[in-house]
Amino acid sequence: MKSSSIKTLIASATLALAASQAGAFEQSRTAECIAPANPGGGWDFTCRSVGKVLTDIGLIEGNVQTVNMPGAGGGVAFAHTVSKRGDDSALIVAASTATTTRLAQGQFAGMDQEMVRWVGALGADYGVIAVSKDSPYQTLSDLMSALKEDPNSAKFGGGSAAGGWDHLKVLIAGSAAGIEKSSLPKIKYLAFNGGAEAITQVVGGHIEAFTGDISEAQGFMESGDLRVLAVLSEERLPAPLDGIPTAREQDIDAVAPNWRGFYVPKDVSDDAYQWWVDTMDKVYGSQEWQDVMTKNGLMPFHKSGADFHDFVQQQVKSIKDISTEIGLIK
Amino acid sequence: METLNYLLQGFAVALTLDNLMFAAVGAILGTLIGALPGLGPANGVAILIPLAFSLGLPAESSLILLTSVYAGAMYGGRISSILLNIPGDEPAMMTCLDGYPMALKGKAAEALAISAIASFIGSLLATVGLVILAPWLAKFALRFGPAEYFALFTLAFATLGGITGKNQFKTVIAACLGLMIATVGVDISTGNQRYTYNILELYEGVDFIIAIVGLFAISELLFFIEMHAGEGLKKVTLNKLKLSMADIIGVLPTSLRGSVLGFISGVLPGAGASLGSFISYTLEKRLVGHKGSFGEGDPRGVAAPEAGNNAAANGALVPMLTLGVPGSGTTAVLLAMLVSLNIQPGPMLFTQNADLVWGVIAALFIGNLILLLLNIPMVGVFVKLLSIPPKYLMPVVTLVASVGIFAISNSALDLYFMIGFGLLGYVLRKLHIPLVPIILGMLLGPEMEKSLRHALTISDGDWSILWGSGLAVGIWVVAIAGLVLPYLIGPILRRRMAAQAEKSHSVVD
């Protein structure tokens with residue numbers, strides 16, 4: 001493992017200097033992008049929009065075909081990649097924080113993050129915690145102090161299953177705000193089928209707080225129904241969202257990016273892997289991709305190659321830790 | 001005024017060339033599906049869902065296509081009722097009573113024209129009703145918390161058998177089957193897996209679409225094979241249409257009354273179009289009394305049920321779109337389609353997916369107009385299509401279904417599941433166990449479970465939250481009524497329906 005990451009480091013260093021080296025690997029005319037969900041969701045969007053940019057700016061000769069492979073929150077596609085497509089260098093698979101969460105919690109039975117190679121992330125949707133416009137809570141600190149006194153004082157709703165990424169955001173924020181570990185599992189989380197359904201319940205006054213992504217909250221924030229208490233990003237988001245304070249500004253060191261990116265099969269050649277890493281760097285740097293991001297509310301977030309690999313390891317580890325702490329995994 | 005603006009935006013969506021084409025294609029296919037005995041609206045929509053997926057249509061186009069099919073099937077059902085005395089689908093049963101006698105008197109063309117006009121009025125008024133009621137209900141729906149939703153889902157289950165349902169016990173069995181299938185997969189409230197046996201493909205549960213296509217489309221194929229139904233229905237020739245303005249004006253009040261009644265029965269969860277056409281017909285008969293010649297070919301006897309069932313069909317879209325609770329089998333299928341497209345119906349649909357909702361509503365208006373045009377001058381074409389032997393039709397249906405299911409997930413396992421559900425559907429239909437409650441059980445079961453858990457989480461385990469608000473109590477009262485009434489008035493209604501069917505020598509199954 002260690003030697004392979006050093007190899008990639010060296011490879012990326014040399015290749016960054018001499019871009020023509022990339023010619024050593026010839027990508028086949030058409031590539032395939034697996035979206036591990038039905039059409040219309042986030043992964044489907046990642047595949048289709050990146051595929052389009054790849055073709056539009058001529059990084060790939062033919063086209064990129066999106067194949068939907070729903071099941072087990074990405075598990076079916078992950079298993080397919082590991083067992084059947086181990087050395088397919090024309091394949092990328094869309095992934096996000098939902099993928100790392102499930103890997104960390106062992107929900108892809110018998111598989112882990114080492115079984116594929118992580119290429120890069122091309123943007124992120126950041127976590128937010130929000131309340132209804134009539135809520136007494138004005139800041140994230142208000143909400144967290146109330147929870148510190150009584151973990152039952154506010155109930156959260158989000159679009160992921162219990163223990164999923166939306167639930168974890170509450171715990172990450174709570175733990176950063178100094179809520180005792182023994183109290184964290186007592187904070188109530190209600191799982192809905194999607195962010196919009198959870199927001200409906202918050203706006204209707206049935207539950208107190210919403211945990212989700214900024215893209216889910218934006219429409220309701222603009223209509224004035226929802227007050228976003230904090231965004232869980234390192235810095236404030238670009239305009240028009242720059243009015244939302246980060247959790248860090250409120251002395252709660254919680255960052256929760258839901259990145260959108262790709263992995264490739266484990267046994268592709270280093271050259272092929274490097275071709276994908278360079279290609280993703282070029283996509284991220286292109287005006288076409290920046291336009292896609294602006295249009296679809298994706299926030300700046302870019303990591304690739306070894307850097308991204310380390311980031312994924314780190315994210316899996318921290319999710320594993322917090323899930324163990326609150327007893328989601330034993 | 002705000003509503004009017006949205007509606008105009010909706011027309012902008014619906015009037016694009018693509019969407020107009022989908023509305024027209026949907027209307028034609030729907031009329032055909034409705035006209036063919038056996039293929040009801042739920043089957044029709046179920047068969048065409050895979051088509052929408054395999055064409056990779058965007059959400060609004062898919063939905064426009066399918067709602068047009070839905071509306072078209074409601075129009076089409078009357079054709080074989082009138083000409084052959086075989087209802088094309090269940091709601092068209094009442095149309096046989098006066099439609100066929102009219103045809104026997106050599107007035108088949110008039111009966112078809114009058115029923116098309118009545119269908120148009122029913123559909124139009126109900127769409128207007130949808131425009132007025134839905135946004136209002138969507139705002140009101142914010143008051144629905146988990147406890148109210150739980151009561152509402154119970155209501156949907158309680159009224160499932162419908163007032164005219166034949167065997168309540170079999171309905172219960174079917175609903176339980178649906179609930180059982182729905183428990184497979186990851187339980188979102190705890191993150192635990194249920195009945196997945198470490199098979200990754202089962203983690204997200206059994207896909208509704210696969211179950212729907214298998215249960216309805218594949219079982220239909222098996223039935224056709226069994227019946228060796230190689231021949232089409234007998235050929236019918238139409239007389240020349242002689243319809244005066246006075247004839248149309250004569251049925252106007254009937255159509256208006258039928259529309260209102262139909263719309264109301266459509267909005268109530270569970271009741272649906274059959275009830276709409278039945279109530280419209282019986283009340284009209286009572287109102288007109290001896291002055292009419294009901295049962296012997298009275299034009300009003302054709303107009304009332306047709307206005308009623310078309311209005312009920314559109315009315316059933318109200319609870320489906322605003323609350324995510326389907327009012328009938330077909331809307332349940334449409335709901336499954338929406339969920340598969342990652343669109344969550346409910347109060348926020350009207351603000352979050354305004355383009356889509358209003359596009360579909362506008363498409364209903366346009367589709368209705370297309371259907372009226374299709375069904376008066378071109379009715380002869382559909383009459384000819386009725387005689388296409390099913391041996392050509394069913395292989396096409398099966399092909400479309402299989403390709404579509406494979407296109408959704410690229411998984412051969414899903415095809416096996418589809419075939420499995422097809423066999424299950426065949427066996428159940430042989431046992432006269434209805435299929436729609438299975439779909440409703442699968443769709444509503446997890447929602448109902450989730451609502452109950454959420455309600456109890458909010459109240460810290462206090463069950464009284466379930467009847468804690470006036471709204472919840474109101475829904476419970478309706479639910480109990482829905483459960484008890486069929487036992488009290490169901491037998492009476494059924495006896496009357498049977499008597500009327502008997503009188504017109506109907507060959508209703």
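**Exercise 1. Confidence in the two chains**

Find what the mean pLDDT of chain A and of chain B is, and where the pLDDT falls under 50 in chain A.

Solution. Begin with chain A, which averages a pLDDT of 87, with 92% of its residues scoring at least 70. Within chain A, the pLDDT stays under 50 over residues 11-23, and for this stretch the model has 13 contacts beyond four places in sequence. Where pLDDT is low, the predicted coordinates should not be read in detail. Among the elements of chain B, helix α19 (residues 412-430) has the highest mean pLDDT, 92, whereas helix α21 (residues 470-503) has the lowest, 74. Chain B also has a stretch, residues 505-509, over which the pLDDT is below 50, and this stretch has eight contacts in the model beyond near neighbours in sequence. For the model as a whole, the scores are ipTM 0.78 and pTM 0.80.

**Exercise 2. The two domains of chain A**

Work out how chain A is divided into domains, and which element gives the most to the side of domain 1 that touches domain 2.

Solution. The division of chain A gives domain 1, made of residues 2-124 + 259-325, and domain 2, made of residues 125-250. Taken over C-alpha atoms, the centres of domain 1 and domain 2 of chain A are separated by 29 Å. The contact takes 12 residues from domain 1 of chain A and 14 residues from domain 2 of chain A. On the side of domain 1 that touches domain 2, the elements that give two or more residues are α4 (97-104) and α11 (305-325) of chain A. Of these, α11(A) gives the most, with four residues. Sorted by class, this side of domain 1 has six nonpolar, five polar and one charged residues.

**Exercise 3. Where the chains meet**

Determine how many residues of chain A are in contact with chain B, and which element of chain A gives the most to that side.

Solution. Counting on both sides, 35 residues of chain A are in contact with 30 residues of chain B. On the side of chain A, the elements giving two or more residues are the strands β2 (64-68) and β6 (189-191) and the helices α3 (75-84) and α7 (195-203). The element that gives the most is α7(A), with six residues. By class, the side of chain A that touches chain B divides into 16 nonpolar, 16 polar and three charged residues.

**Exercise 4. Two helix pairs in chain B**

Solution. The axes of helix α6 (residues 108-140) and helix α12 (residues 299-315) of chain B come within 7 Å and cross at roughly 30°.

The contact includes L20(B) and A24(B) of α2(B) together with I366(B) and G367(B) of α16(B), and by class it has 10 nonpolar, five polar and no charged residues.

Methods. Residues are numbered from 1 along each chain as its sequence is written. Chains are lettered from A and ligands numbered from 1 in the order in which they are written. This is a predicted model: local features need pLDDT of at least 70, side-chain atom pairs count only at pLDDT 80 or more; totals for chains, interfaces and linings use all residues. pLDDT is the predictor's confidence in each residue, from 0 to 100. Two residues are in contact if their C-beta atoms, placed from the backbone, lie within 7 Å. Domain bounds come from an automatic or database domain assignment. Ala, Val, Leu, Ile, Met, Phe, Trp, Tyr, Cys and Pro count as nonpolar, Asp, Glu, Lys and Arg as charged, and the others, Gly among them, as polar. Axes are lines fitted to C-alpha atoms, for helices over the stretch in contact, and angles run from 0 to 180 degrees between N-to-C directions.
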